[in-house]
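Me: I have a model open and want to learn how to read it. Can you take me through it feature by feature?

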Amino acid sequence: MLSLFLVFLLLILTVKFRFEIFYSLDESGSFFQTRLCLGSLRLPLPAGLFRPLSSAKSQKRTPNILNLVSESRRSVRIFARFIQEIHEFDLSIILGTGDPFLTAVGCGGLWSVCSPIMAVLQQKGKLNCVPRVDILPDYSNVRLTVKLHCIFQFLLGQIIIDELYNMGTFLAGRRRTKET
């Protein structure tokens, strides 16, 4: 029985997990789907799995720009920490505000957010593909259309080892501060 548990544990720690994310937002509404891929087997994850996170955020007060920036920084940090490889990244955004100046500024702002994220992921060697990012202005209409398709991979064992290392360095740092 112990040998069966050890074999199962070894498989869990060495198997590469892939997640596939589809997100779409347009005039008709939004669509979000995730799939867990193990080899050629693709299992759709239930939509209710991510609903508690979105309902907890909706109960907060109206977010201002500083809250949005801090939440996006935290999300990028978590994303960059756990993801070992990105196999496909396809993002398409069409933005229109009705005012040509605001549309141009909004598209420039979106580029200024997306470009550093892609550069960091490429610098850390996590991108195994050429990312396709399209941010297009629509000067004549008021609309926002977002389409995201991302496939990323991680090793559960690597996450456990990284977190144990982080915990060890944190505890060692706490001991040093108490001694001084």
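The dialogue below goes from the overall fold to single residues.

Me: What should I know about the model before I start?

Reply: This is a predicted model, where local features need pLDDT of at least 70, side-chain atom pairs count only at pLDDT 80 or more, and totals for chains, interfaces and linings use all residues. Residues are numbered from 1 along each chain as its sequence is written, and side-chain values use heavy atoms, with hydrogens and water left out.

Me: How many helices and strands are there in the chain?

Reply: Helices (H or I, at least four residues) and strands (E, at least two) are DSSP runs, numbered from the N terminus. Here the chain has 5 helices and 6 strands. Along the sequence their order is α-β-β-β-α-α-β-α-β-β-α.

Me: Which strands pair with β4, and in what sense?

Reply: Two strands pair if DSSP finds at least two bridges between them. β4 and β6 are antiparallel, with 12 bridges. β4 and β5 run parallel, joined by 6 bridges. From β4 the chain passes through α4 to β5, a right-handed β-α-β crossover. Right-handed means that, with the strands pointing away from the viewer, the path from the first strand over the helix to the second runs clockwise.

Me: How much of the chain is buried?

Reply: Buried means under 20% relative accessible area, exposed over 50%, and partly exposed in between (1.4 Å probe, protein chains only). Of the 180 residues in the chain, 21% are buried.

Me: Which residues have the most contacts inside the largest nonpolar core?

Reply: A nonpolar core is a set of buried Ala, Val, Leu, Ile, Met, Phe, Trp, Tyr and Cys residues joined through side-chain atoms within 4.5 Å. The largest one has 23 residues, and Ile86, Phe89, Leu91, Val133 and Phe152 have the most contacts inside it. At least two residues each come from β1 (16-26), β4 (85-97), α4 (100-123), β5 and β6. β4 gives the most, with 5 residues.

Me: Now single residues. Where does aspartate 138 lie, and is it buried or exposed?

Reply: Aspartate 138 lies in the loop between β5 (132-137) and β6 (142-155). Aspartate 138 counts as buried because its relative accessibility is 11%.

Me: What does aspartate 138 touch?

Reply: Contact means heavy atoms within 4.5 Å. Leaving out neighbours within four places in sequence, aspartate 138 is in contact with Ile94, Leu95, Gly96, Thr97, Thr103 and Arg143. There is also a polar contact of 3.1 Å between the side chains of aspartate 138 and serine 140. A polar contact is a pair of N or O atoms within 3.5 Å; within protein, one must be able to donate a hydrogen and the other to accept it, and residues adjacent in sequence count only if both atoms are side-chain atoms.

Me: Where is glycine 98, and how far is it from aspartate 138?

Reply: Glycine 98 sits in the loop between β4 and α4. The C-alpha atoms of glycine 98 and aspartate 138 are 8.2 Å apart, though 40 residues separate them in sequence. Glycine 98 is partly exposed, at 43% relative accessibility. Not counting residues up to four places away, glycine 98 touches Thr103, Tyr139, Asn141 and Val142.

Me: And which element holds glutamine 122?

Reply: Glutamine 122 is in helix α4. Glutamine 122 is partly exposed, with a relative accessible area of 49%. Beyond four places in sequence, glutamine 122 is in contact with Leu127 and Pro131.
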